[in-house]
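Hi everyone, thanks for coming. Let me put a structure up on the screen, and then we'll walk through it together, one piece at a time.

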Amino acid sequence: MRYLAFILAALTSAEMQAFELAPRLVVNITIDQLRSDYVEAFNPLYTSGGFRRILRDGIIYEDAGYPFMPVDKSSAQATISTGATPYYNGIIASRWLDRETLQPVFCVSDEKYGNSAARLKTSTVGDELKMSTEGKAIVYSFAADTESAIMSIGHAADGAFWFDHHYGWRGSSYYGTMPQWLKTLNNKASSSNPNDDVVTASLQAVSSARMGRDDVPDLLSVSLSAIKRDGESLTHWQNEMESVYMQLDNSLERLISGIELQVNLDQVLFVLTSTGYTDEEQGDLSRYRIPTGTFYINRTANLLNIYLGAIYGQGRYVEQVYGNQMYLNQKLVEQKRVALSEILSRSREFLVQNAGVADVYTSDRLLDGNNDILLVRNGYNTGCSGDITIEVAPGWKLLNEETGQTYTSRASVMPFPIIFWGSDIKPQRINKPVTVDCIAPTIAKAIRIRAPNACNTSPLF
């Protein structure tokens, strides 16, 4: 019995030591459209406490990517927080078409609360942290836009807040009432740089909510931006992006140093990555004799209706188009007593013959889950996506003639990193390819909680 007691005491001691080493505060930083090549290009201009400090002392996964396509801000944030692709988490984009109304819906729109995470179909790291601590963990999110604030944190947070230039910090009653310290912050003048406003609110949360001060881990999600604010296309990146990355570096330094003044950095885990896409406009390719063109999706949908009508009888088979997707009238297909798979097969045969079409992905083809189209399949969701997805050829633009909405094919890779820093992290650079859905299980492992419920990837370390 004496030996058994000794063994139990040793095990208990080891478990307590492991618990004590777990980070007390996780700061999950996502920077919209951050690029590794730009980070490196402007390195000589940085301060010592921002990018340079993180790059010097962190574990850097240099070859990061997203396990699905296409990627935008909302689908990226949802994948980082859930550790799952849109196939499971349901966020295929910032907006998609509602099958019932045939109207576009915003990924965070909510009839009852205005904005919420109700459309996010899986749990997030923040949700799992709340559940594992029986609500004791403090979980906040701050961003310049609504979708980043909500998608980066999930359902159970203490608050997700975004900055409105007219009204200051805004939130949703979905998460409860806005804390008094944030209301007070709204009475102060805002800066001209949205990143600085996000950092100011984040530091206020750490201070006022006393995040990272007890034995229960807390989570702070911070969404920043690495894009131009004037809305104009990028022409000379060296000159135009220099000030963007210098200001971003200053914001990072202020965030890190502000947290360091309040919480021992040995008890803080910083995670930094990018949304992994770019919305930079391409130049006039025809000027340089590069193959290009415009694919008119409404016109093509009308031709497809005529084609299908000639085979199966008149009717509006393509009910609506949105982005690069076509939504079929499935009730009409049933009335015609034709198998949906047959309609999809004939539609694909017709569409691939059109100029500017590189490939056509039908819903049944995607659900087969073949590895050669896995990235497209992972970006598809049965409840949100169309029945037919059109991939236009590189250099071509897809145009919705009715709405003016455009979609440009982008097959090129945008380099960005995943960086972990703080909490006894040893500096290291790793070249192997990794994907951002590994971030959630890595954070979960670090703070001793379960990974989100749709996450099936392994921690990075």
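Setting aside the neighbours within four places in sequence, Val-321 is in contact with Ile-297, Asn-298, Ala-301, Met-326 and Asn-400. Before I go on, please keep in mind that this is a predicted model. So, is Val-321 buried or exposed? Its relative accessible area is 7%, and the cut-off for buried is under 20%, so Val-321 counts as buried. You'll find Val-321 in strand β14, which covers residues 318-322. And here is a pair to look at on your screens: Val-321 and Glu-342 are 21 residues apart in sequence, and their C-alpha atoms are 20 Å apart in space.

Four strands make an open sheet, in the order β14-β15-β17-β16, with antiparallel pairing. Which strands stand at the edges? Those are β14 and β16, residues 357-362; each has a single partner strand, so one side of each has no neighbour in the sheet. On average, neighbouring strands here are turned by 20 degrees against each other, if you ignore direction.

At the β16 end, β16 pairs with strand β17, residues 388-392, in the antiparallel sense over five bridges.

Helix α12, residues 297-312, lies across β14, β15 and β17, and runs at about 165 degrees to β14. Helix α14, residues 340-351, also packs on the sheet: α14 touches β15, β16 and β17, and its direction makes about 175 degrees with that of β16.

Next topic: aromatic rings. A pair of rings is described by how far apart the centres are and by the angle of the planes. How many aromatic pairs does a search of the whole structure find? The search finds 20. Take Tyr-61 and Phe-420: the ring centres are 6.3 Å apart and the planes are at 85 degrees, so this pair is edge-to-face.

A second pair is Phe-142 with Trp-169. Their ring centres lie 5.7 Å apart with the planes at 90 degrees, so this pair is edge-to-face. Phe-142 is in strand β8 and Trp-169 in strand β10, 27 residues apart. Phe-142 has 0% relative accessibility and counts as buried; Trp-169, at 4%, counts as buried as well. These two belong to a cluster in which ring pairs link Tyr-140, Phe-142, Phe-161, Phe-163, Trp-169 and Trp-181.

The charged end of Arg-299 sits over the ring of Tyr-296, 4.1 Å from its centre, and the charged end of Arg-377 sits over the ring of Tyr-87, 3.6 Å from its centre.

Let's finish by zooming out. The protein has 17 helices and 22 strands, and 55% of its 461 residues are buried. A compact globule with 461 residues would have a radius of gyration near 23 Å, and the 24 Å of this protein agrees with that. Its C-alpha atoms fill a box of roughly 80 × 65 × 45 Å along the principal axes.

How values were computed: Residues numbered from 1 in each chain as written. Predicted model: local features only at pLDDT ≥ 70, side-chain atom pairs only at ≥ 80, totals over all residues. Heavy atoms only, no water. Phe/Tyr/Trp six-rings, centres within 6.5 Å; stacked < 30°, edge-to-face > 60°. Helix = DSSP H or I, 4+ residues; strand = E, 2+ residues; numbered from the N terminus. Buried < 20%, exposed > 50% of the residue type's maximum accessible area, 1.4 Å probe, protein only. Lys NZ or Arg CZ within 6 Å of the ring centre and 35° of its normal. Contact = heavy atoms within 4.5 Å. Pairing = 2+ DSSP bridges. Axes fitted to C-alpha atoms, helices over the stretch in contact; angles between N-to-C directions. Rg over C-alpha atoms; globule rule 2.2 N^0.38 Å.
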